Amino acid sequence: MYSWILMLVVLAAMAGAYQIGRRRAIASAGGPTRIKQLHSLPTYYGLYAALWAGLPALLLMGLWVGLQDQIVIGLVTSHLPNEMVAGLSDGRLGLLINDIRNLATGNIVSAEVTPEIQTAADQYNRLNRLAQWAMWAVVLAVALAGLAYAWMRTQPRLRARNRVESTFTVILILFSSIAILTTLGIVLSVLFESLLFFQKVSPLEFFFGTNWSPQIALRADQVGASGAFGAIPLFTGTLMVSLISMLVAVPIGLLSAIYLSEYAHRQVRAIAKPTLEILAGIPTVVYGFFAALTVAPFIRDLGLSLGLDVASESALAAGLVMGIMIIPFVSSLSDDVINAVPQSLRDGSYALGATQSETIRRVVIPAALPGIVGGILLAVSRAIGETMIVVMAAGLSANLTANPLDSVTTVTVQIVTLLTGDQEFDSAKTLAAFALGLTLFLVTLTLNVIALSIVRKYREQYE
Amino acid sequence: MNNPADTTPPRRAIDIVNASLKRRYARERRFRWLGATAVTLGMVFVVLLFADIILKGYTAFQQTYIQLPIELAAATIDPDGTRDPATLARADYMKLIREALREQFPEVRDRRDRRRLNSMISVGAPDLLRERVMADPALIGTTQELWILADDDIDMLVKGYIDRNAPESDRRVSDQMIGWINRLEAEGRVAKRFNTIFFTHGTSREPELAGIAGALMGSFYTLALTFLLSFPIGVGAALYLEEFAPKNRWTDLIEVNVNNLAAVPSIVFGLLGLAVFIGFFGVPRSTPLVAALVMTLMTLPTIIIASRVALKSVPPSIREAALGVGASPLQTQFHHVLPLALPGILTGSIIGMARALGETAPLLMIGMIAFIVDIPKGFTDAATVLPVQIFLWADSPERGFVERTSAAIIVLLAFLFVMNLAAVLLRRRFERRW
């Protein structure tokens with residue numbers, strides 16, 4: 001809480017430093033009339049001072065906030081009596097620390113409060129308060145020191161603009177590197193946990209096993225908790241739902257893109273195109289609700305009246321609704337590539353006497369095909385990674401089946417079910433989710449790279 | 001010509017064409033019809049989706065109340081007459097409501113029946129009554145005709161979701177209760193009133209007490225922080241990539257990365273958040289803070305791509321003119337190019353924010369699905385967000401949650417609509433063709 005106030009104080013200090021730096025620069029040049037003596041505009045001296053006052057202080061504060069808790073906890077545990085800490089596993093120690101923390105913040109404590117824990121909690125509070133005050137003092141001191149440094153350096157010959165601009169450039173470079181850091185973070189975090197998982201379960205079993213039941217036995221004699229991690233049923237389930245969605249989305253999306261770009265009247269297009277794109281803006285959780293409460297019961301009733309046995313959470317319902325969600329995706333990507341086909345190709349075909357549909361089927365579509373395929377690949381990657389619709393409308397049971405009326409489960413559903421709720425970080429069940437995540441990431445990444453390169457190559461062709 | 005077998009004229013190309021024309025035109029019509037059907041189907045899906053949600057949800061904006069003459073007896077509420085808020089807060093308001101209900105139905109004497117009678121009132125009604133009395137202590141000692149919140153089963157009955165003609169064993173409301181309700185309705189003591197609870201309360205296990213205020217505040221904090229983080233970072237990154245970056249391996253790598261991140265499944269970002277932000281950096285779970293960090297990483301590619309397009313559309317002459325009168329490259333960008341590109345950048349950012357508002361999957365990973373009744377008051381309070389609330393309610397078995405889920409969806413869609421409208425208007429108002 002106090003950190004937020006401190007941050008505001010530092011920001012205010014930066015604003016103050018800006019004014020001070022500006023005034024100082026003007027004064028050092030000998031008054032407002034002699035600004036031309038300065039190397040840069042006064043504003044830049046202000047910014048220079050503000051950066052010196054703010055940046056080191058903010059960086060230090062970030063570090064402090066990040067590390068304070070760990071250091072305090074370390075100090076508190078090192079002061080705990082030896083017989084309490086000795087022989088405790090990491091998990092037990094974590095529980096003890098949690099207790100101390102809860103007691104200190106006035107929350108409910110799991111174990112009974114011994115005098116040792118009470119002292120530790122008091123110490124925790126005291127150290128935290130101390131650290132808080134120290135942070136204020138140190139951060140403000142650093143800000144002042146920065147300001148003082150800038151004050152001393154400010155003289156007409158200081159190349160303030162160059163300094164400020166190179167700092168800004170460095171900040172911009174850092175910002176753009178965040179994209180790389182994100183990818184790196186995804187790969188490292190998922191890969192690291194997956195490696196831990198593959199130490200417990202062999203990759204062979206994971207990628208080729210046909211039995212998925214991630215419940216780990218708590219006791220040796222527990223029934224139905226074998227802890228089998230064969231992911232084939234998840235892969236087939238994912239493929240089935242994606243296939244159904246593609247069967248819905250590709251024909252409807254492609255045909256409507258063709259109709260809207262080649263046949264439709266301008267006014268029809270002006271209404272129909274944005275209407276279809278509404279579908280892309282609707283949150284997936286809404287589709288999930290629609291699939292689970294409207295489409296699935298409808299399909300079930302329909303199946304019952306036809307004498308078919310339909311699961312209440314069928315792959316068909318989830319796939320259908322996912323298809324609806326992906327229609328605008330396919331249609332807008334195809335629309336782009338169809339419009340990119342040069343008019344001269346069409347004119348040539350008409351000149352030979354082809355009808356409009358013949359032109360579209362024999363000339364326009366073949367010319368646009370790489371782009372369309374790229375778009376469909378992107379759509380497939382979307383379908384595979386889609387989560388909420390399948391979580392809400394597809395089932396949890398890992399059936400190895402080819403019947404779309406059965407309930408299936410998907411990779412994303414299992415990631416969600418394995419990771420929601422409180423879990424230990426090192427159990428095979430939790431780690432399995434990361435292995436699934438790694439698989440998902442690699443597959444979608446491959447699809448995206450292929451699709452994007454096809455689309456890009458195609459675009460260059462006609463430009 | 002002399003050969004009698006050769007009487008048929010030679011087949012000319014035009015004859016072949018003419019012969020096939022009918023077939024070809026029919027095919028043309030079929031193809032056209034197919035395209036039109038596809039477009040119509042797409043539109044039908046849009047209409048179906050909205051009609052379904054609105055029809056399911058509009059009733060949740062009203063809530064059933066039962067009017068009862070409640071004697072706010074001073075002996076029960078404030079025996080000492082001190083009007084001390086602590087005493088007022090502790091009093092047994094349920095007793096007052098039950099007594100009033102008993103007076104309405106003096107013939108109900110059996111204990112089991114009485115319990116059933118009491119179950120027509122929401123368990124949250126006493127709290128609402130307490131708030132009422134504490135806001136206006138002058139009511140104590142008087143008898144007031146008050147509207148008391150009904151239980152969700154009664155609410156469903158009054159709204160017609162429970163079929164009164166179905167066999168008694170098939171519905172959640174017994175014949176006896178229907179009789180009582182009919183009598184109250186005949187006396188004009190049952191009414192549907194605007195459901196303020198839905199907008200002012202946090203979530204609850206009881207449908208009639210569940211509201212979206214907590215989720216809305218959670219969404220607000222998350223989105224605000226997401227915007228504060230992702231807007232400067234996204235614009236800065238776009239500026240660097242578009243205007244300053246030398247063409248080399250590193251910037252190529254960044255480009256490919258940005259494009260790919262835009263297509264990474266959102267749930268993978270949830271895994272990243274769980275492993276890195278929560279597991280490694282120790283950011284508290286279930287808070288708008290960690291949600292905003294994950295959302296920032298997710299929306300960055302969108303904002304970067306949109307900003308780059310906007311920057312690209314600013315003509316080079318602007319840059320050349322600025323550089324020509326002696327501006328530095330950074331001055332050129334910040335004083336001239338960026339202001340001109342700002343409408344486009346803002347449009348892209350709003351669309352990115354709209355997407356973040358509707359995102360659910362990654363938030364499930366980072367603990368936003370905890371059951372949190374309190375309305376969050378800051379970035380580090382445990383919170384949930386609107387789409388996750390929808391997901392949680394959709395999972396609840398009570399019939400009353402179906403309409404509330406749909407109503408929450410309507411609210412969510414309304415916010416998305418406003419955001420997209422703002423983006424479109426912004427584009428219309430400030431778009432410049434050079």
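User: By what criterion are two residues in contact in this predicted model?
Analyst: The structure is a predicted model. In it, two residues are in contact if their C-beta atoms, placed from the backbone, lie within 7 Å.

User: How many residues of chain A are in contact with chain B, and which helix of chain A gives the most to that side?
Analyst: The contact joins 70 residues of chain A to 66 residues of chain B. On the side of chain A that touches chain B, the greatest contribution, 19 residues, comes from helix H6 (residues 160-200).

User: How is the side of chain A that touches chain B divided by class?
Analyst: The side in question belongs to chain A, where helix H6 gives the most residues. Its division by class is 43 nonpolar, 23 polar and four charged residues.

User: Is Ser286(B) buried or exposed, and why?
Analyst: Ser286(B) is found in the loop of chain B between helix H12 (266-280) and helix H13 (288-312). Ser286(B) is not a glycine, yet has a positive phi of about 55°. A residue is buried if 20 or more other C-beta atoms lie within 10 Å of its own. Ser286(B) has 21 such atoms and is therefore buried.

User: What is the relative direction of H17(B) and H18(B)?
Analyst: The axes of helix H17 (residues 386-394) and helix H18 (residues 399-430) of chain B come within 9 Å and cross at roughly 160°. Angles over 145 degrees count as roughly antiparallel. H17(B) and H18(B) are therefore roughly antiparallel.

User: Which residues make the contact of H17(B) with H18(B), and what are their classes?
Analyst: The crossing of these two helices is left-handed. H17(B) contributes Leu386(B), Pro387(B), Gln389(B), Ile390(B), Trp393(B) and Ala394(B), while H18(B) contributes Phe401(B), Arg404(B), Thr405(B), Ala408(B), Ile409(B) and Leu412(B). By class, the contact has nine nonpolar, two polar and one charged residues.

User: How far apart are the end C-alpha atoms of residues 220-241 of chain B?
Analyst: The unreviewed UniProt entry annotates several stretches of chain B as "transmembrane region", including residues 220-241 and 290-311. Residues 220-241 are 100% helix and 0% strand. The end C-alpha atoms of residues 220-241 lie 31 Å apart.

Terms used:
Residues are numbered from 1 along each chain as its sequence is written. Chains are lettered from A and ligands numbered from 1 in the order in which they are written. This is a predicted model: local features need pLDDT of at least 70, side-chain atom pairs count only at pLDDT 80 or more; totals for chains, interfaces and linings use all residues. Helices (H or I, at least four residues) and strands (E, at least two) are DSSP runs, numbered from the N terminus. Ala, Val, Leu, Ile, Met, Phe, Trp, Tyr, Cys and Pro count as nonpolar, Asp, Glu, Lys and Arg as charged, and the others, Gly among them, as polar. A residue is buried if 20 or more other C-beta atoms lie within 10 Å of its own, exposed if 12 or fewer, and partly exposed in between; C-beta atoms are placed from the backbone. Axes are lines fitted to C-alpha atoms, for helices over the stretch in contact, and angles run from 0 to 180 degrees between N-to-C directions. Angles under 35 degrees count as roughly parallel, over 145 as roughly antiparallel, 65 to 115 as roughly perpendicular and the rest as oblique. A crossing is left-handed if the near helix is turned anticlockwise from the far one by less than a right angle, and right-handed if clockwise. UniProt positions are given in the numbering used here, feature names are shortened, and annotations may be inferred rather than shown by experiment.
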